[in-house]
Amino acid sequence: MLVTVFLLLVALCGHRGNGEEMEEAQRPGHVSVIIVGGTGDLAKKYLWQGFFQLYVNQVSSGNSFSFYGGGLLPSEKGLPVFFEILKAVSCSKNVSQERCAVLKEQFLRLSQYRQLKTLEDYQELAKHIEQQLQQEGMTEAGRLFYLSVPAFAYADIAEKVNSSCRPASGAWLRVVLEKPFGHDYRSAQVLASQLGDSLKEEEMYRIDHYLGKQVVSKILPFRTENRKCLDPIWNRHHIQRIEIVLKETLDVKGRIPFYDQYGVIRDVLQNHLTEVMTLLTMKLPENVSNSEEVLQKKLEIFSSLLPLGKNQAVIGQYKTYKEEVQQELNKTKDHVSRTPTFAAVLAHIDDNQYEDVPILLISGKMLDERIGYARILFKNDVFCLQNHKSIHCKPKQIVFYFGHGSLSYPAILVSKNLFKPAMTNSKWKEVTEHKDVSVLGLHISDYYVQTPTEEKEAYAELISQIFAGRKNCFISTENLLASWDLWTPLLSSLTSSFPRIYPGGADNGDMLDVHLKGKDISYNTEVVIINSDKMGGASADNFKVTQGKFRSSDMVSGWNEELVEMLAAHMQEAAETAIQESGVFHLALSGGSTPLALYYRLAVHHFSFPWRNTHVWLVDERCVPPTEQESNFYRVHENLLKHVRIPYYNIHPMPVQLNQRLCVEEDGGALLYEKELSKYVNGSSFHFVLLGVGYDGHTASLFPGAKVDQHGKSLVALTESPTKPHQRMSLTFSAINRAHKVALLVMGKGKHELVTQLSRVKDIPDKYPVTGVKPAHGSLVWYIDYDALLG
């Protein structure tokens, strides 16, 4: 009999260990809640409301509480701010006004502000808590620190908590950390190591508020409850694709200092959407409430995911983001940020269950609607010959609808041509009365719809989980590093990529539509034409520019951006014409800073530019190694060539470095370039030559004081500059004036005086070399912005 009882006790203990995270095993007593950063924006919007809700739910549980708002300000300054925040907390609808007033008064009485800045401040806090416990004869249950501060402060605060604020033996310590948890794999690893020096893994709660959303936390239970129906179809034979989408209509004004460092992939995809993906695709654990089991299944998915590279992502940036960065980060007008505000990533799992099933993760700012969902779209092998409106012919899908959008409430939707989902939880209800809305291609009446009986805020849900000691909805160190291991290579491959610029909102049209081909993803449209009325001019037919004459040649004038757009359009038009006629386009580009805006425009907007049939040459070069920033080739390469699909053998840098020497005449670099030019360029006549003009009137590397005829019929020559580096290699007038079309780009107020002088002088190439540009059989067009023209 005793043996039987003993075995029964062992079985019960073992069963209990695999169940929910043993919240009932916590001893009741006093709990100290400390929000470090307790007067910040997150605390104001969500945390104090969440902890008030916790207090309301636990006030009769046998626990007592103290709440501390920690901040950097001294008490006399922080206290008024703190209590203004606390006054705004509210009760749920099921609490009467009278009871709510009493609870709020108690909550305020139990709360206090403390400056938490130095080690001494934390020591004083610990001393205060211990004195309170002794004076009131209370047993300590635990201490909960919520670090609502920037991630760089985590390690220092964790060390202070560890050294001076740990509770006595028998009481628990829980430290909550807000994302971001690092910037990439290495930084996350360093942060994890630093935190590991002060805290145990079970004491850390890395919070991802998406895991607190009721629909997200229901994914695993839903899959378990409906296992009988789902197991046969939850595989590559039946699933067409998986989509996890978070669309937002807002911009990121006010958040630029953070956002410009992180971007949409680090902000949303690496954490929120990745976590949802693992919940949808992981093998179901035997017990969905066991955090260790859930973690193990998640890690198995991470180990099965195929690597993410440049071909598995497209990125975009809304148009006004550039100006927002310039304003909030105090950058100049020519500053360009490549931080994406939109991304679509295609993932695949190398596993027999999901082989070749595309998994799309998409998020962006300034889109057409605010909505979040995860959709499993199933293959439909039914063809309705006549009754096309039959439910059997409509999409077969399960939608985990996070909220907002046309439906406005969180829900799980199962199309009626799949199965009717089980209802096993009193916290969820079936919706049978519908308003007239459609969700992802189906009218709401074509779905079985389940929604929570009571909507709860994600932070409030997670705070209750933390208090209970459940870790299912939190990110472990292993989980975090596995995620960064997946995303870091992709982020590295995208650092030099230009995002597609999109106008924002409904004006995006189909600009951000994507095309899936095998394991690769790309934008569905190559040519991006934006309505000029809405965008300030972006099609070649409708620019806010003027045309006229300058020095007897054609002139195009406009504001900086519009002028560059026109020049880029003209350059592409010339390329397409040349390729249509001869199959190749020979383009000679100048260095310097003036054309950088043009290079950016070509890389970001002209996706259909025929780079594969284009040969790029240099107008001139400084006699420095091509890897140095002073090199013209380096500038062209870094700002244009590396961002477009041009064959490397179509790129022709000037050979200024031969035999480990720079521009030594006997090495024959100029003659070598001339021979290459003569070999590839028909009649040595470039189709398009882009030139600039210096303040002294020089163009290419042809400077004032040099005799025009000194180069004779040579196409390439070594020249001397009055400024460092003095030695240069340049196309000569003989080469330039053979071109079919020459564009002279002049921009900036600093060039106004020069433009004024050039408008008055005759052709004096010795004094103003640019006046020697006279294409014999081609055309010369001056592109002068209003700043240079009008001053």
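Which hand does the crossing of helix 2 and helix 14 have? The crossing is right-handed, meaning that the near helix is turned clockwise from the far one by less than a right angle.

Welcome to this predicted model, in which local features need pLDDT of at least 70, side-chain atom pairs count only at pLDDT 80 or more, and totals for chains, interfaces and linings use all residues. Residues are numbered from 1 along each chain as its sequence is written, and side-chain values use heavy atoms, with hydrogens and water left out.

The chain averages a pLDDT (the predictor's confidence in each residue, from 0 to 100) of 89, and 94% of the residues score at least 70.

| Element | Residues | Mean pLDDT |
|---|---|---|
| Helix 16, lowest | residues 532-535 | 33 |
| Strand 10, highest | residues 359-364 | 98 |

Helices (H or I, at least four residues) and strands (E, at least two) are DSSP runs, numbered from the N terminus.

Back to our helix pair: helix 2 (residues 41-58) and helix 14 (residues 458-468) pack at about 55°, with axes 8 Å apart. Axes are lines fitted to C-alpha atoms, for helices over the stretch in contact, and angles run from 0 to 180 degrees between N-to-C directions. Contact (heavy atoms within 4.5 Å) involves residues including Leu42 and Phe51 of helix 2 and Ile463 and Phe467 of helix 14.

Strand 12 (residues 396-404) runs antiparallel to strand 13 (residues 411-415), joined by four bridges; Phe400 has Ile412 of strand 13 as its bridge partner.

Methods: Pairing = 2+ DSSP bridges.
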